[in-house]
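Please study the sequence and the structure before reading each solution.

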Amino acid sequence: MKLIFKITLLYLLISLVVFLIGGIITHQIIMREVIYEEQRFLRERLDFAIRMIERRMLHKPFERDKIKIIPLGARGEETEIAFSDTVVMHSTLQRMEPHNKLDVVKKVGQQYYKITLYDLIVEEDDIAEGVNEALVKVYLLLLVVVLILSWVASAFLLKPFNITLEHIKNFSLRKNNPIKYKKSDTKEFDKLNKFVEEMTEKIQTDYQSLKEFTENASHEMQTPLSIANGKLELLMESDNLTDEQVALIMSAQGSVQRLSRMGKALSLLTKIENKEFESTEEINLSELLLKLLFDFKELADLKSIKIESEIQEHVKVNMDSTLAAIMVTNLLQNAIRHNYEEGRIHVVLTHTRLLISNTGGALKSDPGSLFERFKKDNQSKESVGLGLSIVKKICEVSSFDISYQYQDPDHTIEVIF
């Protein structure tokens with residue numbers, strides 16, 4: 001849900017609470033005014049009744065609609081005006097209706113009179129219904145107006161914010177194009193745009209520095225490693241080497257080669273994470289897999305590993321061609337490297353998945369960390385522990401799912417397109 005509509009709903013909720021409280025207050029004020037006007041009307045009628053008594057000098061009870069006068073004689077005592085509620089027959093409706101009643105004893109001339117006046121009460125239920133109806137209609141009007149205004153605000157007032165979001169969405173470190181915004185009429189949006197500009201410029205600068213360092217470090221590291229490996233090979237050709245010296249040279253060569261492979265793998269991982277492989281195309285995975293199986297057949301034969309395959313024809317996926325070759329290569333290398341002598345590999349390719357299963361002993365490490373960097377089992381000293389990490393990262397950038405299962409004696413890695 002958009003921010004403007006969240007704010008609108010919050011405003012409407014607050015308005016509803018205010019309307020409810022305001023309705024109660026309005027009802028009380030109206031009731032107070034109605035009661036005051038009713039009592040004022042009865043006081044005016046009392047003045048009229050006193051003037052009528054003065055003119056007629058009543059000596060017997062007088063009763064008409066909503067007025068009753070009873071003579072009390074020369075002895076009596078005046079009382080304060082008293083208001084009360086009662087029920088009286090309504091002359092027009094011919095039914096009992098609630099009335100406001102005024103009782104008082106007044107001295108007119110030499111006589112005392114008990115005067116009783118009635119006036120129809122405006123019922124509280126009627127007032128409540130009127131107030132509720134008015135508030136509901138006003139709230140519905142407010143609801144419609146606010147929703148329309150929020151839509152207009154979303155389309156026009158928040159346009160600079162939406163433009164900023166679009167720029168951020170399309171921002172790419174590889175393009176090395178800084179984000180530039182037009183000045184907005186809103187101060188807060190200008191502050192946001194300035195912050196985004198400064199942040200993206202710093203990110204691009206840091207990225208370029210890190211990229212250059214990684215590429216330079218990888219390149220510069222390979223040169224001395226190649227030199228060291230060459231000198232070790234020359235040293236191996238020397239005469240009169242003892243068996244111990246040969247073993248030490250071979251161990252050093254193995255370490256140099258592993259270090260070289262690790263540098264190349266880390267450099268590849270960095271390039272994948274930085275999304276330097278974004279040129280996707282339609283890859284015929286069936287042809288690629290058949291070619292690589294043919295290339296690895298000799299390596300598998302060295303360990304007498306039997307390869308079985310079920311490959312559907314014309315299986316195509318959209319991904320970078322270089323990453324596709326690296327993914328399949330690493331999976332096949334992993335299946336051969338961690339296999340038994342005279343083991344087997346089963347490869348299945350359909351239009352929805354690639355499944356590579358190989359025999360091997362149970363993992364000594366946690367299967368959940370198999371795709372993490374430098375997480376490897378102790379079955380192969382040749383592995384640097386980055387092969388499956390690279391495969392996992394390729395699957396992520398290609399929007400594939402990858403999973404691992406073990407069911408003695410088969411290790412199975414499945415890639416779902």
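**Exercise 1: A cavity and its lining**

The structure, a predicted model, holds 2 cavities of 30 Å³ or more.

Task: Determine which residues line the second largest cavity and which element gives the most to this lining.

Solution. 
1. The space in the second largest cavity amounts to about 40 Å³.
2. Its lining consists of L331, N334, A335, I356, N358 and I413.
3. At least two lining residues come from each of α7 (321–337) and β10 (353–359).
4. The element that gives the most is α7, with 3 residues.
5. Sorted by class, the lining comprises 4 nonpolar and 2 polar residues, and no charged residues.

**Exercise 2: The surroundings of β12**

Task: State how many residues of strand β12 are buried, and which strands are joined to β12 by bridges.

Solution. 
1. Strand β12 covers residues 410–416. A residue counts as buried when its relative accessible area is under 20%; by this criterion, 6 of the 7 residues of β12 are buried, and the strand is mostly covered.
2. One of the strands joined to β12 is β10: the two run antiparallel and are linked by 7 bridges. Within this pairing, T359 has D410 of β12 as its bridge partner.
3. Strand β11 (residues 401–407) is also joined to β12 by 7 bridges, again in an antiparallel arrangement. Here Q407 stands opposite D410.

Notes: Residues are numbered from 1 along each chain as its sequence is written. This is a predicted model: local features need pLDDT of at least 70, side-chain atom pairs count only at pLDDT 80 or more; totals for chains, interfaces and linings use all residues. Side-chain values use heavy atoms; hydrogens and water are left out. On a 1 Å grid over the protein atoms alone, a cavity is a set of points where a 1.4 Å probe fits but cannot get out, and a pocket is an open set with protein on both sides within 12 Å along at least five of seven lines; lining residues have an atom within 4 Å of a point. Grid points are joined across faces, edges and corners, and a volume is the space filled by probe spheres set on the points. Helices (H or I, at least four residues) and strands (E, at least two) are DSSP runs, numbered from the N terminus. Ala, Val, Leu, Ile, Met, Phe, Trp, Tyr, Cys and Pro count as nonpolar, Asp, Glu, Lys and Arg as charged, and the others, Gly among them, as polar. Buried means under 20% relative accessible area, exposed over 50%, partly exposed in between (1.4 Å probe, protein chains only). Two strands pair if DSSP finds at least two bridges between them.
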